[in-house]
Amino acid sequence: MNSEPDTRPGLGMDVPPDLRYAEYARERLAAMSPPADAEAFALAYHLLQLAYLLVTDLETRIHRPRGLTLPGFRLMFKLWLLGPTQPVRLAEISAMSRSAVTNAVNTLERGGLVERRPVPEDGRAVVVALTAEGEAAVREAFAEQSRREREWFASLGPAEREQMTALLSRILRARPADL
């Protein structure tokens, strides 16, 4: 049975276990024949690990203590920037299903943070808008989330952050067509 080595040059005990594992897995995959792609694995692993840790951190430290979820905050943030918006548009720009947006809006509405308003020119359509309480909540949570995001990305300089954002945007633009 193979086990992950704990110490190797450059990967000592000061490196978190998840990163030691990622390097171990990449090396194992590099020794395999296709379809194994060690570099694609490493990139996906690191992106997923970062996303998971970042989401968990923001949820735990900022949003849950305020009675919010990160998806709920994301919807409120969009409403703060866009103003009243139809739920279908929120789903499109949030990479959420319509039912997930409806559920999040229902929860936020029960909490007095958003409200549904009829669209005058279309009797069946509604827009979702922040209430005054919702705007105050999103402003407060945004300030704290911005502070925490700066902590997360402090190891990168401005040019590196810009480059990383550009690369991630390029990947997102070229995403598989079936998404």
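Where is the place of Ala95? Ala95 lies in the loop between H4 and H5.

## Basis of the report

This is a predicted model, in which local features need pLDDT of at least 70, side-chain atom pairs count only at pLDDT 80 or more, and totals for chains, interfaces and linings use all residues. Residues are numbered from 1 along each chain as its sequence is written, and side-chain values use heavy atoms, with hydrogens and water left out.

Helices (H or I, at least four residues) and strands (E, at least two) are DSSP runs, numbered from the N terminus.

Ala95 has a positive phi of about 55 degrees although it is not a glycine. Ala95 counts as exposed because its relative accessibility is 78%; on this scale buried means under 20% relative accessible area, exposed over 50%, and partly exposed in between, with a 1.4 Å probe and protein chains only.

Pro35 is placed in the loop between helix H1 (17–30) and H2. Most residues other than glycine have a negative phi, and most peptide bonds are trans.

## Packing of H3 against H4

Helix H3 (residues 70–82) and helix H4 (residues 87–94) have axes that come within 11 Å and cross at roughly 110 degrees. H3 is therefore roughly perpendicular to H4. Axes are lines fitted to C-alpha atoms, for helices over the stretch in contact, and angles run from 0 to 180 degrees between N-to-C directions. Angles under 35 degrees count as roughly parallel, over 145 as roughly antiparallel, 65 to 115 as roughly perpendicular and the rest as oblique.

On the H3 side, Arg74, Leu75, Lys78, Leu79 and Leu82 meet Leu90, Ile93 and Ser94 of H4, where contact means heavy atoms within 4.5 Å. The residues of this contact of H3 with H4 comprise five nonpolar, one polar and two charged. Here Ala, Val, Leu, Ile, Met, Phe, Trp, Tyr, Cys and Pro count as nonpolar, Asp, Glu, Lys and Arg as charged, and the others, Gly among them, as polar.

## Packing of H3 against H5

H3 also packs with H5, at an angle of about 85 degrees and with the axes 10 Å apart. These two helices are therefore roughly perpendicular to each other. Gly72, Leu75 and Met76 of H3 make the contact with Val101, Ala104, Val105 and Leu108 of H5. The residues of the contact of H3 with H5 divide into six nonpolar, one polar and no charged.

## The largest nonpolar core

A nonpolar core is a set of buried Ala, Val, Leu, Ile, Met, Phe, Trp, Tyr and Cys residues joined through side-chain atoms within 4.5 Å. The largest one has 23 residues, of which Leu75, Met76, Val101, Leu108 and Val114 touch the most other members. Two or more residues each come from helix H2 (38–63), H3, H4, helix H5 (98–110), strand E2 (122–130) and helix H6 (132–152). H3 gives the most to this core, with five residues.

Beyond its neighbours within four places in sequence, Val114 is in contact with residues including Met76, Leu79, Val105, Leu108 and Val128.

His63 is found in helix H2 and counts as buried because its relative accessibility is 0%. Apart from neighbours within four places in sequence, the contacts of His63 include Phe73, Ala141 and Gln145.

Gly112 is in the loop between H5 and strand E1 (114–119). At 25% relative accessibility, Gly112 counts as partly exposed. Not counting residues up to four places away in sequence, Gly112 touches Thr131, Glu133 and Gly134.
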